[in-house]
Amino acid sequence: MLDRITALYCRLSNDDDLNGESNSITNQKAILQKYADEKGLRNCQFYIDDGFTGTNFDRPGFKKMLSDIESGKVGTVIVKDMSRFGRDYLKVGYYTEVMFAEHGVHFIAVNDGVDSELESNDFTPIRNLFNEFYARDTSRKIRAAFKSKGQSGKPLAVVAPYGYIKSEADKNVWEIDEEAAQVVRRIFKMCINGLGPGQIARKLTEEKVLIPTAYARSKGRKGTKPYKNPTLWGSQTVGKILERPEYIGHTVNFRTEVKSYKTKKQAILSRENWQIFENTHEPIISQHDFDLVQELRKNKRRPRKANTKVSPFSGIVFCADCGAKLYLYNSEKNQESMSCSNYRSKFRSCTAHYIRTVVLQKLVLGELNKLLETVHANEDAFVNSAMESASAAHLQEVKKAKKLLAQSERRIDDLDKLFARLYEDNVLGKISDERYTQMSANYDSEQKQLKQTVSELQKFIEETEHKTSDISNFIHLVRKYTYIEELTPEIMHELVEKIVVHAPDKSSGHREQKVEIYFRFNVASSSAIVDCKYSKKCSTTNTKNEVA
């Protein structure tokens with residue numbers, strides 16, 4: 001059928017490109033065109049896939065050729081060799097021996113001497129199998145090199161994160177791209193000031209700030225993803241920026257892995273599988289700001305539509321009885337209050353722990369400024385007192401934890417000995433197989449539970465001992481403030497660990513309520529009785545203000 005297309009198919013992958021000119025698209029085109037001319041084949045059309053692996057058949061040029069074949073437009077398909085067609089044994093066999101035959105397509109692989117109209121070449125399937133072996137071996141070598149590089153601390157990312165560029169002198173070194181870094185700093189600052197990823201994204205969109213991919217393209221960088229609107233920021237993009245340890249100078253490798261060399265699809269790995277190498281490049285964000293943002297996002301609650309301003313108490317106020325968070329709501333008198341989420345749920349599993357935010361603000365401001373005044377008046381005395389009190393407060397807890405840890409570790413050793421003795425008794429016939437199975441299962445279950453307990457105790461002891469020696473961090477934060485006039489999310493999450501609200505007590509004829517404030521780094525705590533007569537007049541009486 002002289003009017004049908006002679007399809008000249010060319011493919012080149014990134015791995016093939018390393019082998020030199022022999023597999024280049026230019027060389028393939030020359031070979032195929034010459035062959036077609038010599039054989040008198042007309043109506044030639046090239047189908048090209050440049051930069052696509054042979055193990056994946058989801059290639060634009062190949063799919064276009066298949067579409068034309070299914071439409072009856074193609075009469076002949078010519079490739080330089082079988083590996084150019086593909087490196088998957090089963091799929092190559094299906095296309096060349098089944099699909100092409102069904103559509104009357106004449107298939108030719110020039111250098112391999114394959115011609116579907118000549119006598120069957122029994123060696124062709126074996127050749128296809130060797131092509132797949134080659135792809136598998138190449139993939140294994142690349143993965144080994146990739147793993148070795150990643151474990152050495154060199155970044156595996158093809159493109160540096162937004163805010164960085166790869167150094168011209170060494171592609172494994174990231175340098176700060178100041179223009180983009182300014183946007184990153186703004187994103188973190190806006191988050192610290194109480195805005196969520198969606199609100200930050202809307203603000204950047206309104207200001208026509210280029211999204212990371214559009215910015216990279218504006219700088220002439222390769223490998224950028226397609227986009228429709230160059231200034232339309234998404235909350236996911238902002239959220240990922242806020243989570244990346246790279247912005248505090250760390251390199252993170254092995255976030256993803258390729259499950260199969262055939263599909264090339266990446267699977268996201270859990271955080272415990274990451275490898276983080278600290279202080280590998282210059283940070284854009286300080287450790288303090290990064291930690292503060294993670295704390296804010298952990299306690300973040302979506303702001304109400306009627307009020308886009310984020311409350312400074314969001315995520316840090318808790319019910320004294322059930323431990324649930326207190327959330328904002330407007331009462332019938334349009335007074336903003338915070339109420340126990342369990343009480344306000346349909347199950348009503350707690351009592352009415354609520355407090356007006358204006359009362360809470362007055363109380364917290366007073367206690368914070370009182371603490372600032374104490375620290376500024378005699379910093380050395382405060383530090384010494386805090387260290388002594390923190391150590392005393394946790395000494396008993398740590399002592400108990402270490403005692404339980406030692407007991408658990410001894411029991412684990414005893415169970416190892418019991419396992420050995422139990423096995424010996426079973427071999428000697430002293431206990432039955434059924435009894436052995438039952439007892440060994442019980443021992444195994446107990447040992448697993450003990451190991452988990454040991455891990456938790458070790459973590460508790462480490463964190464507790466760390467807190468008692470972290471007073472200096474709190475002092476560093478306090479020095480930023482002389483007197484606080486207004487509470488912000490940044491101030492609250494820098495200085496306050498949590499606030500605990502107790503149920504109101506009306507036994508005296510007044511509505512009195514105990515509120516406990518716990519400052520960060522386990523430095524100090526204070527509590528006060530809030531006295532609100534009929535919710536019209538409010539006053540506070542301190543019941544405790546001590547380093548603990």
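These legends describe close-up views of a predicted model. Local features need pLDDT of at least 70, side-chain atom pairs count only at pLDDT 80 or more, and totals for chains, interfaces and linings use all residues. Residues are numbered from 1 along each chain as its sequence is written, and side-chain values use heavy atoms, with hydrogens and water left out.

**View 1. An open sheet of 5 strands with mixed pairing.**
The strand order is β2-β1-β3-β4-β5. Strands (E, at least two residues) and helices (H or I, at least four) are DSSP runs, numbered from the N terminus. Two strands pair if DSSP finds at least two bridges between them. β2 (44–50) and β5 (114–115) are the edge strands; each has a single partner strand, so one side of each lacks a neighbour in the sheet.

**View 2. Strand β1 (5–12) and its two partners, β2 and β3.**
β1 and β2 run parallel and are joined by 7 bridges. Leu8 stands opposite Phe46 in β2. β1 and β3 also run parallel, joined by 4 bridges. Here Ile5 has Val74 of β3 as its bridge partner.

**View 3. The two covered faces of β1.**
Of the 8 residues in β1, 8 are buried (under 20% relative accessible area; over 50% is exposed, in between is partly exposed; 1.4 Å probe, protein chains only). One side carries Ile5, Ala7, Tyr9 and Arg11. The other carries Thr6, Leu8, Cys10 and Leu12.

**View 4. Strand β4 (residues 106–109) beside β5.**
The two strands run antiparallel, with 2 bridges between them. Ala109 stands opposite Val114 in β5.

**View 5. Helix α2 (residues 60–70) across the sheet strands β1, β2 and β3 (74–79).**
α2 runs at about 145 degrees to β2. Axes are lines fitted to C-alpha atoms, for helices over the stretch in contact (heavy atoms within 4.5 Å), and angles run from 0 to 180 degrees between N-to-C directions.

**View 6. Packing of helix α6 (residues 178–192) on helix α7 (residues 197–206).**
Two packed helices are described by the angle between their axes and the distance between the axes. For α6 and α7 the angle is about 135 degrees, and the axes are 10 Å apart. That makes α6 oblique to α7 (under 35 degrees is roughly parallel, over 145 roughly antiparallel, 65 to 115 roughly perpendicular, the rest oblique). Val183, Arg186, Ile187, Met190 and Cys191 of α6 meet Ile200, Lys203 and Leu204 of α7. By class, this contact has 6 nonpolar, no polar and 2 charged residues (Ala, Val, Leu, Ile, Met, Phe, Trp, Tyr, Cys and Pro count as nonpolar; Asp, Glu, Lys and Arg as charged; the others, Gly among them, as polar).
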